[in-house]
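Visitor: I have a chain to look at and some questions about its fold. Please show it to me first.

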Amino acid sequence: MDVTGFDDAEYRRWLSQANHTRDSAGRDAASGDYSWSCFKSQQAGEYALQALLRGLGQPAHGHALRRLLSELMTLSIEVPEAVMEAGQALDRHIVPTTRYADAFPEGSPHEYYNLGAAEEALGAADKVIDWVQSAA
């Protein structure tokens, strides 16, 4: 993307946080903290999209990746279907399901997450982050 006035410093600041959070999600998955891994994967995708929006000088608020992706599309940025699907998958891990004890009818959130869910969320985060890096 060749955009005059792109705020590269702000973009890199947010992208750095996205990558750091993604790495933390990977460590959580490796140690068995699957619900936290899923939550952090969602956060990593969110930060990456906010990096691109902020780099473009646009407001970047909210948690829903789907909405952030829609905001990018209103700027005539083509979002591949696979990235939209990754955003939708990650949006399932926004609070409260990953963090609050009363999110499910019984048990705690950590009992509802497993390695497969964490790996899926990590893959989706990677897809979003990779796309943002290629789009910027």
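Visitor: In which helix is the place of A135?

Guide: This is a predicted model, in which local features need pLDDT of at least 70, side-chain atom pairs count only at pLDDT 80 or more, and totals for chains, interfaces and linings use all residues. Residues are numbered from 1 along each chain as its sequence is written, and side-chain values use heavy atoms, with hydrogens and water left out. Helices (DSSP runs of H or I, at least four residues) and strands (E, at least two) are numbered from the N terminus. A135 belongs to the element covering residues 115–135, which is helix 5.

Visitor: Is A135 buried or exposed?

Guide: Buried means under 20% relative accessible area, exposed over 50%, and partly exposed in between, with a 1.4 Å probe and protein chains only. The relative accessible area of A135 is 13%, so A135 is buried.
The C-alpha atoms of A135 and L90 are separated by 20 Å.

Visitor: How many helices and strands does the protein chain have?

Guide: From the N terminus on, the elements run α-α-α-α-α. The count is therefore 5 helices and 0 strands.

Visitor: Why is the protein chain said to be as compact as a globular protein of that length?

Guide: The globule rule is 2.2 Å times the number of residues to the power 0.38, and the radius of gyration is taken over C-alpha atoms. For 136 residues the rule gives 14 Å, and the chain is close to this, so it is as compact as a globular protein of that length, with a radius of gyration of 15 Å.

Visitor: What percentage of the contacts with a separation of 6 or more comes from residues 24 or more positions apart?

Guide: Contact means heavy atoms within 4.5 Å. Among contacts in the protein chain with a separation of 6 or more, the share from residues 24 or more positions apart is 62%.
Buried residues, for their part, make up 44% of the 136 residues.

Visitor: Against which helices do the buried residues of helix 1 pack?

Guide: The buried residues of helix 1 include Y11, W14, L15 and A18. The expected span of a helix is 1.5 Å times one less than its number of residues; for the 23 residues of helix 1 (residues 8–30) that is 33 Å, and the end C-alpha atoms are 33 Å apart, which agrees. The packing partners of its buried residues are helix 2 and helix 5.

Visitor: Which residues is L49 in contact with, leaving aside its neighbours within four places in sequence?

Guide: L49 lies in helix 2, and at 0% relative accessibility it counts as buried. With those neighbours left aside, its contacts are L65, L68, L69, L72, V128, W131 and V132.

Visitor: What is the phi of S76 near?

Guide: S76 is in the loop between helix 3 (65–74) and helix 4 (81–91), and it counts as exposed at 71% relative accessibility. Most residues other than glycine have a negative phi. S76 is a residue other than glycine with a positive value, near 65°.
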